[in-house]
Amino acid sequence: MAFSGGITLDGVYSVLPTMTEIFTVLTLSSLEEVPYLGLADLGKTVSVEEGTRYQSDGDNYLDICLDLTNKPFIAMEDLVVKLNCNSEDGSVLYPPKGKPYGCKSEEIVLTEDGAFGYFTKYWTSS
């Protein structure tokens, strides 16, 4: 996923690799939820010691690591990715300038149509 500028939880604190409430991933055909393991391309480590702040790389990219162990065929389907942006579950993302500039819920479709090079999916607005 690519964002316009870095993403944070409040303008200071980083998104963590273990956060699974930020996105919801579904198959387009059946709207079956696709579980994911966590997020990647956020920094150099997966976790930090308690009381220590996670050091993100500060860029605007992150990867959603899907758990396709029991359903590898889902990788061939078109997928819907929802950016939840729900303040009740802590899934609102903020640019580096922080609050009150939080995200709004968004939804994209990942499809093979338009994919090129080493990319397997291409995103379009739904």
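This is a predicted model: local features need pLDDT of at least 70, side-chain atom pairs count only at pLDDT 80 or more; totals for chains, interfaces and linings use all residues.
## Around Ile64

Leaving aside residues up to four places away in sequence, Ile64 touches Met1, Phe23, Val25, Tyr36, Gly38, Leu39 and Val81.

Ile64 also belongs to the largest nonpolar core, a group of 22 residues. Along with Val15, Ile22, Phe23, Leu39 and Leu62, Ile64 is among the residues that touch the most other members. Strand 4 supplies the largest share, with three residues.

## The overall build

What does the secondary structure come to?

The C-alpha trace spans about 40 × 30 × 30 Å along its principal axes. The radius of gyration is 15 Å, which agrees with the value near 14 Å that a compact globule of 126 residues would have. Of the contacts with a separation of 6 or more, 58% link residues 24 or more positions apart.

## Out on the surface

Of the 126 residues, 33% count as buried. The accessible surface comes to about 8100 Å², and carbon and sulfur atoms account for 53% of that.

One spot to look for is a nonpolar surface patch formed by Phe116, Tyr118, Phe119 and Tyr122, with about 530 Å² of accessible area together. Tyr118 sits in the loop between strand 5 and strand 6 (122–125). Is Tyr118 buried or exposed? Tyr118 counts as exposed because its relative accessibility is 73%, and the cut-off for exposed is over 50%.

Key
Residues are numbered from 1 along each chain as its sequence is written. Side-chain values use heavy atoms; hydrogens and water are left out. A nonpolar core is a set of buried Ala, Val, Leu, Ile, Met, Phe, Trp, Tyr and Cys residues joined through side-chain atoms within 4.5 Å. Buried means under 20% relative accessible area, exposed over 50%, partly exposed in between (1.4 Å probe, protein chains only). Helices (H or I, at least four residues) and strands (E, at least two) are DSSP runs, numbered from the N terminus. Contact means heavy atoms within 4.5 Å. Patches are made of residues with over 30% relative accessible area and no salt bridge: like charges are joined within 9 Å, nonpolar side chains (Val, Leu, Ile, Met, Phe, Trp, Tyr) within 5 Å. Accessible areas come from the Shrake-Rupley method with a 1.4 Å probe; for residues, only the protein chains shown count as cover. A salt bridge is a side-chain nitrogen of Lys or Arg within 4 Å of a carboxyl oxygen of Asp or Glu. The radius of gyration is taken over C-alpha atoms; the globule rule is 2.2 Å times the number of residues to the power 0.38.
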